[in-house]
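Reader: I'm new to this one. Could you walk me through how to read it?

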Amino acid sequence: MIKKIISGGQTGADRAALDTAIKFNFDHGGWVPAGRRAEDGVLAARYHMDEMPTDSYPRRTEQNVKDSQGTLIVSRGKLTGGSLLTHQLAAKLEKPCCHIDLLKIDEFEAAIIVNSFISDYAIEVLNIAGPRASSDPEIYRSVKAVIETFIYMVLMESEPEEIANNDLVLFERKAEKTCSTVAESVAFLCEDLPLRTRSAIANSSQGQIASLYFTMTDYVLVKLGLDSGNKPLLEECARRLGTDDLYVEDAVMVIIKALKEHLERDHVLRIVQ
């Protein structure tokens with residue numbers, strides 16, 4: 001299983017890689033040009049990146065290939081520009097490289113290939129690259145979907161019973177509420193969830209956040225009315241993530257993380273010496 005995801009911080013594929021790593025509590029990073037330069041301006045501080053001594057994009061690209069154990073490039077069609085350079089540099093440096101063309105396969109098939117690629121080369125630090133948003137406005141969503149599906153596959157392979165059961169009793173109660181803030185949502189879920197579930201969430205590790213997410217997403221969507229809109233709550237989740245463009249599933253993770261943080265204060269099992 002990968003331990004860290006890196007990229008060049010550019011819009012599109014690079015940013016999707018970083019956002020997904022942050023969402024699932026993976027370490028993230030990578031090199032960016034001097035000044036944290038990207039096509040949409042200065043890269044936000046929430047991304048923990050290293051700055052190159054130069055503003056050269058090709059130099060940054062090369063360093064990320066060097067610092068990873070393998071590179072994944074996701075595109076829609078043949079490689080061009082920086083994506084093509086990434087592929088060429090990986091070949092030059094004799095680094096494993098996997099190119100996914102989403103015009104030839106769908107996102108689920110892509111996730112299967114990514115899973116095999118990472119397993120075959122025992123990759124722990126994965127570099128992810130692809131087109132910027134201005135070249136392919138849909139690449140962000142696609143890369144995100146591929147990585148999240150891959151993470152789910154890994155969890156199902158290693159912890160199938162935990163994903164299926166997870167000791168979480170979710171739809172035991174029928175209450176639903178359209179909460180307008182994260183704090184209000186957390187308070188409502190704490191009342192709605194049975195004690196056993198609250199304790200399981202509180203005592204799970206940070207590395208198990210993906211398991212909680214895949215188990216609880218439908219529950220949170222329904223209980224908080226996110227599946228039918230709930231604009232005020234979505235806007236607050238977006239502000240917390242520092243983004244103007246939020247997928248509803250990412251709002252779910254914001255709420256789950258806030259719920260876990262709240263429950264940890266009261267429900268973590270403590271060993272008395």
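Reader: How much space lies in the largest pocket?

Author: A pocket is an open set of points on a 1 Å grid over the protein atoms alone, where a 1.4 Å probe fits, with protein on both sides within 12 Å along at least five of seven lines. Its volume is the space filled by probe spheres set on the points, joined across faces, edges and corners. Here the largest pocket holds about 920 Å³. Keep in mind that this is a predicted model: local features need pLDDT of at least 70, side-chain atom pairs count only at pLDDT 80 or more, and totals for chains, interfaces and linings use all residues. Residues are numbered from 1 along each chain as its sequence is written, and side-chain values use heavy atoms, leaving out hydrogens and water.

Reader: Which residues lie nearest the centre of the largest pocket?

Author: Lining residues have an atom within 4 Å of a point. There are 37 of them here, with Asp19, Arg46, Tyr47, Leu241 and Thr243 nearest the centre.

Reader: What volume does the second largest pocket have?

Author: About 410 Å³. Its lining has 26 residues, and Gly82, Ser83, Gly130, Pro131 and Arg132 lie nearest its centre.

Reader: How many aromatic pairs does the structure hold?

Author: Rings of Phe, Tyr and Trp (its six-membered ring) pair if their centres lie within 6.5 Å; planes under 30 degrees apart are stacked, over 60 edge-to-face, the rest tilted. This structure has six such pairs. One of them, Phe24 with Tyr213, is edge-to-face, at 5.3 Å centre to centre and 90 degrees between the planes. Ring pairs also join Phe24, Tyr152, Tyr213 and Phe214 into a cluster.
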